[in-house]
Amino acid sequence: MKTPNKIMLTGNKAAAWGARMAGVEYVPAFPITPQTEIVETLAKWFADGTLQGKFTNMDSEHSMFMAAGSAGATGVRVFTASSSQGILHGLESLYTITGWRVPMVLVNVSRALATPITLEPDHNDVMSTRDCGLIQLHAETCQEVFDFILMGYRVAEEVCLPVLVNMDGFYLSFTREPVLIPDEQEVRSFLPLYTATQPVFQASRPMARASAVFGGATYTSFKLQQELACRNAEGCFNRVAQDFEKHFGRLYGPVETFHLDDAEYVFVMSNSFATKGKSAVQKLRQQGIKAGLLKLRLFRPFPGEAIASALAGHAKVAVIDQNLAPGMGGITYPEIVTSLYAREDRPEKILSVIGGLGGKDMDDQDFMAIIENLDKLDGGSPLYLYDEKDVSGFNRLQQIAELKEAES
Amino acid sequence: MWRIRIHGRGGQGIKTASQIIGSAGFYSGFQAQDFPLYGAERRGAPVIAFTRISKDPVLERGPILSPDIILIGDETLLNDPQSAPLCGAEPSTIIFVNSDRTPESLKHNFTVMAINLTDLCIQYLDNHTVYSSALSAVGARLLGIIELPDLLQAVEDELTGVSSKVMKGNLDLARKIFEVIQPAVVSEKVNKPLIAKQLVFPQHRPVIEAAPIILQPGNMALRKTGNWRVERPEIDYEHCNNCLICYARCPDGVIGVDSDGRPEIDYDHCKGCLICAQECPGHFINTVRETGMFP
């Protein structure tokens, strides 16, 4: 019958459970598909007394992130979640609160950005927060969503920066799979209830944060401190990961390797589609093609050394970006190429691949097409995962949209 | 790995059915994954849900394109091109249809079974539109690897919150179906060598073709929503006095007025909300369950 503590959960529910087991005390919320199930679940738990603290419906993501940051500055454990347009609407607040140096965990459920508007996932939303000084962890499975939230609080509270845990909409947010939920006691021994070590807002203790500065040097000092804090978060993450393994038996490095050791072809992927990549790797190996996969987990701070060490020595690498910076291409591609530049044994070919935009599925044939392209001498970069069927579907829509000459 | 795809309509418990099979598989000691697919929420619109059950970790996500078992909760979807419930079926695929009859054309190509779940649901649940426990019991039994106690536990867990009477009805229904149906032989799929997709480099087009600009208005009529209906409103013209309140109240504007001044329902687009039947002052609009194949 039922395995104790292991239950079928969607990614969204796993996120809500993560917040619950972390003992969050304040959740400002605003709904958006495909994230709403997270805050809905938490609202219910606050209402029925399962969670002690305060749940507040806000009037937008902008005020939601400000409220989250402000609460973080009072020394309580804060959780919030958003997605897509909501993240963009709150982006000003995200830059602001990372500068406040307050801890919290927020979940982004990836959904592609308008225009055209859609509900399905890609990573342009989370990539838009790439430079605001958040720590970013990207989850492939519902278990990772849960685990990263617990780990996220440890990291956030040590380095005093918000941690963003990312998961794909639909492919993870609405997908149920078994998730191990440890006992509260076990969680507490890994993640004790929060006591802030930095000064926090109290009625009895006036103070100011977020002061204005003039003169670039002061600004620079604060920004460089933020940069150092974020860079130091990698070491902190690794320590926390080791402690997490001690408690729960699962070890999370900043990257994950899959059949990488002897791989001649490597797919670099992140989030839930990495599962599809792993399946393709297994099938390719069955037909004698030595493929492997590198999964990005910690994306900010960027673990350049870990990535370069994993990819160096492999002949052909394809970086699959489920995002698009028009006029440039894949957003993670240049970062990965940069990390390898100084290596003498860097791959002979690093191909940029753009796919999975707006939830466009990726299948085994796509991965085989990438392998073929890696073997080509003149294969252009980036490679778009786009085929005749996509073109004809697009043409069909254009025929409906185009002006029919006066039929009268 | 066993891949199950379930077709039905919003409101019929299709997503819940996929979750009951998922949980039952998980309780029986397997790895499991379930996932629904729908856009903005719409009662009556075609809905698809998926369950994967496996001895090994499930290295797949998203829609199931070539299922081992297809469960069709609503036979009216069989001929619906948008729902396309048979898409990706292979000769080895087992197809179950909630129906009194087994369509002849289907029998030629596939292993098909049909049982009238709707009548069973009326008998056990006093409800003919919710198939969650019925369909999941069919799926779990066909797989042949799920034990009855695990199925019943899953029904109980996934239907948490319903009254004890409804729960008992669902458990009895699941038990009954488990008895009636025999496990099918589901053969493991053999991996075929991967073939590279022929990718194309997109051509740069002028903005009029490249941006989401719609120059020809009125294309909503192309989107036929008649197949969302579970029940069909039918105007009793012998008694209708042409007051046209139905015409005024139809939220989708699919009731027109013909040349004789009588209201006329556009069945290509009527979604079956039945507000017209509620609003008709003389109760001259009847509701009829959709059963036959949708044209």
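**Note on the two-chain model**

1. Chain A carries 14 helices and 15 strands, where helices (H or I, at least four residues) and strands (E, at least two) are DSSP runs numbered from the N terminus. This is a predicted model, in which local features need pLDDT of at least 70, side-chain atom pairs count only at pLDDT 80 or more, and totals for chains, interfaces and linings use all residues. Residues are numbered from 1 along each chain as its sequence is written, while chains are lettered from A and ligands numbered from 1 in the order in which they are written.

2. On overall dimensions, the C-alpha atoms of chain A fill a box of roughly 70 × 70 × 65 Å along the principal axes. The radius of gyration of chain A is 22 Å, which agrees with the value near 22 Å that a compact globule of 408 residues would have; the radius is taken over C-alpha atoms, and the globule rule is 2.2 Å times the number of residues to the power 0.38. Of the 408 residues in chain A, 49% count as buried, a term that requires 20 or more other C-beta atoms within 10 Å of the residue's own, with exposed meaning 12 or fewer, partly exposed lying in between, and C-beta atoms placed from the backbone.

3. Among the contacts in chain A with a separation of 6 or more, 80% are accounted for by residues 24 or more positions apart; two residues are in contact if their C-beta atoms, placed from the backbone, lie within 7 Å.

4. Chain B has nine helices and 10 strands, and its C-alpha atoms fill a box of roughly 65 × 60 × 40 Å along the principal axes. Buried residues make up 40% of the 295 residues in chain B, and residues 24 or more positions apart account for 68% of the contacts in chain B with a separation of 6 or more.

5. Where the chains meet, 38 residues of chain B are in contact with 42 residues of chain A. On the side of chain B that touches chain A, the elements giving two or more residues are helix H1 (14–27), strand S2 (31–37) and helix H5 (148–158) of chain B, and the largest share, six residues, comes from S2(B). By class, the residues on that side of chain B divide into 20 nonpolar, 12 polar and six charged, with Ala, Val, Leu, Ile, Met, Phe, Trp, Tyr, Cys and Pro counted as nonpolar, Asp, Glu, Lys and Arg as charged, and the others, Gly among them, as polar.

6. H1(B) and H5(B) also pack on each other, at an angle of about 135° and with their axes 8 Å apart; axes are lines fitted to C-alpha atoms, for helices over the stretch in contact, and angles run from 0 to 180 degrees between N-to-C directions. H1(B) is therefore oblique to H5(B), given that angles under 35 degrees count as roughly parallel, over 145 as roughly antiparallel, 65 to 115 as roughly perpendicular and the rest as oblique. The residues that make the contact include B:Ile20 and B:Tyr27 of H1(B) and B:Leu151 and B:Val155 of H5(B), and by class the contact has six nonpolar, four polar and three charged residues.

7. In chain A, helix H1 (residues 11–22) and helix H7 (residues 142–159) pack at an angle of about 30°, with their axes 8 Å apart, and H1(A) and H7(A) are therefore roughly parallel to each other. Residues of H1(A), including A:Ala14, A:Trp17 and A:Gly18, meet residues of H7(A), including A:Val145, A:Phe146 and A:Ile149. The contact of H1(A) with H7(A) comprises 12 nonpolar, two polar and no charged residues.

8. B:Val47, in strand S3 (residues 46–54) of chain B, counts as buried because it has 27 C-beta neighbours inside 10 Å; leaving aside neighbours within four places in sequence, B:Val47 is in contact with residues including B:Ile14, B:Pro36 and B:Tyr38. B:Asn109 lies in helix H2 (residues 104–109) of chain B and is partly exposed, with 13 other C-beta atoms within 10 Å. A:Ala208, in the loop between helix H8 (184–190) and helix H9 (216–248) of chain A, counts as exposed, with 6 C-beta neighbours inside 10 Å.
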